[in-house]
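Dear colleague,

I am handing over the structure below, together with an account of what was found in it. Please read the notes with the coordinates open beside you.

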Amino acid sequence: AYATAKESHPKLFKIVAGRIVALDKFGEFKPQELSNIVWAYATAEEPNSKLFKKVAEYIIGLDNLGQFNPQSISNIVWAYA
């Protein structure tokens, strides 16, 4: 809702990103969840290079993107544009 309302809370975004980046079992995120995370940060204009790098490295390391539906892929690519 913050992104849609053009409001932001930088400290919240920073804390959440730090928590996500620190997770050991990053693969437990579903493709839609990863898509939602990077889309939200991009839409809210809350850049977090560590978060975006970790998501990108995880996706690049996958054998294939078969588990990602077209909407998830679209949202991820949009977030990185």
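The accessible surface of the protein comes to about 5600 Å², and carbon and sulfur atoms make up 58% of that area. Please bear in mind throughout that this is a predicted model. Of the 81 residues, 32% count as buried. As for charge, the protein carries 9 positive and 8 negative side chains, and the centres of these two sets lie 6 Å apart.

Turning to the fold, the protein contains four helices and zero strands, so that the pattern along the sequence reads α-α-α-α. The C-alpha atoms fill a box of roughly 35 × 25 × 20 Å when this is taken along the principal axes. The radius of gyration is 12 Å, which agrees with the value near 12 Å that a compact globule of 81 residues would have.

What lies in the interior? The largest nonpolar core has 18 residues, and those that touch the most other members are Phe26, Leu34, Tyr41, Leu51 and Val55. Each of the helices α1 (10–22), α2 (31–43), α3 (49–60) and α4 (70–80) supplies at least two residues of this core, and α3 gives the most, with five residues. In soluble globular proteins, nonpolar side chains tend to be buried together.

If its neighbours within four places in sequence are left aside, Leu34 is in contact with Phe26, Phe29, Val55, Tyr58 and Phe68. Of these partners, Phe26 and Val55 are also listed among the core residues that touch the most other members.

One further residue deserves a separate look, namely Asn75, which has its place in helix α4. Is Asn75 buried or exposed? Its relative accessible area is 15%, and because buried means under 20%, Asn75 counts as buried. Leaving aside the neighbours within four places in sequence, Asn75 is in contact with Gln32, Ser35 and Trp39. In the case of Trp39, the C-alpha atoms of the two residues are separated by 6.0 Å, although Asn75 and Trp39 are 36 residues apart along the chain.

With kind regards

Notes
Residues numbered from 1 in each chain as written. Predicted model: local features only at pLDDT ≥ 70, side-chain atom pairs only at ≥ 80, totals over all residues. Heavy atoms only, no water. Rg over C-alpha atoms; globule rule 2.2 N^0.38 Å. Buried < 20%, exposed > 50% of the residue type's maximum accessible area, 1.4 Å probe, protein only. Areas by Shrake-Rupley, 256 points an atom, 1.4 Å probe, with all protein chains shown as cover. Lys, Arg positive; Asp, Glu negative; His and termini not counted. Charge placed at Lys NZ, Arg CZ, Asp CG, Glu CD. Core = buried A, V, L, I, M, F, W, Y, C linked by side-chain atoms within 4.5 Å. Contact = heavy atoms within 4.5 Å.
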